[in-house]
Amino acid sequence: METETATSWLSDAEQCAWRTYLDVNRMLTYQMEKDLQPFGLTNNDYEILVNLSEAPDQRLRMSDLAAATLQSKSRLSHQITRMENAGLVRRENCESDRRGLYAVLTDHGMDTMRKVAPHHVESVRKHFIDLLTSEALTDLHESLKPVAEQLRGVRGKP
C-alpha cells in the first residue's frame, strides 16, 4: 500500500530564490541567443563550437558531444547537419569503431569561433559577470556547485 508523505512546500525565501533563478536563467538564455543572432548562430551552435574548439584535434565523438551538450543523439544529428551545411563542422568516420562518427570543427568553424568569441564574452560580461562582485561570483559558484554535482550524478556522468 502506498503511503502518503506531506509535501515539503517551499518557504517564501526558497520560492523567491527559485523563481529568481528561473527568471535569470530564462532572461540570460534569451539575451545570449539574441546576441548570437547577428552571427547566424544559436546558443546550441555556439556550445557545439566551443566544445569542439576545446577538444583534442577539434573533434569529438557524436555520442560524447551529445552528452556534453545535453542533446539526444537524434537532435544533435540534425543540429550537426545544419552546421555542416553552414561549413562550420564536418562528420568523419571513427576508424576504431565503424559505427561511430566524429563531429570535427572545420577551419571556417574555427574562424567563426575566433570572430564570435570576443562578442560573446562581452555579452556575458555585460549581462552577468560585471553585475556581480568577485565575492558574489565566488559565492554563486560555491552555492551552485552541489546542485551541478548532484545533477551530474543523476545523469550518470562523473
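**A friendly note on this predicted model**

1. Let's start with the cysteines. A search of the whole structure finds zero disulfides. In case the term is new to you, a disulfide is a covalent bond between the sulfur atoms of two cysteines. Please keep in mind that this is a predicted model.

2. Cys16 is partly exposed, as its relative accessible area is 48%. Cys94 has a relative accessible area of 1% and is buried, because buried means under 20%.

3. Now turn to helix 1, which covers residues 12-36.

4. Which residues of helix 1 are buried? They are Leu28, Gln31, Met32 and Leu36. The buried residues of this helix pack against helix 2 (43-54) and helix 5 (107-127), so you can follow the contacts in the 3D view, where contact means heavy atoms within 4.5 Å.

5. Ala13 also belongs to helix 1. Its relative accessible area is 58%, so Ala13 counts as exposed, the cut-off being over 50%.

6. Leu10, Trp18 and Tyr21 make a nonpolar patch of about 320 Å². Leu10 lies in the segment before helix 1 and is partly exposed, with a relative accessible area of 43%.

Key: Residues numbered from 1 in each chain as written. Predicted model: local features only at pLDDT ≥ 70, side-chain atom pairs only at ≥ 80, totals over all residues. Heavy atoms only, no water. Helix = DSSP H or I, 4+ residues; strand = E, 2+ residues; numbered from the N terminus. Expected span 1.5 Å × (residues − 1). Buried < 20%, exposed > 50% of the residue type's maximum accessible area, 1.4 Å probe, protein only. Patch = residues over 30% accessible without salt bridge, like charges linked within 9 Å, V, L, I, M, F, W, Y side chains within 5 Å. Areas by Shrake-Rupley, 256 points an atom, 1.4 Å probe, with all protein chains shown as cover. Salt bridge = Lys/Arg side-chain N within 4 Å of Asp/Glu carboxyl O. Disulfide = S-S within 2.5 Å.
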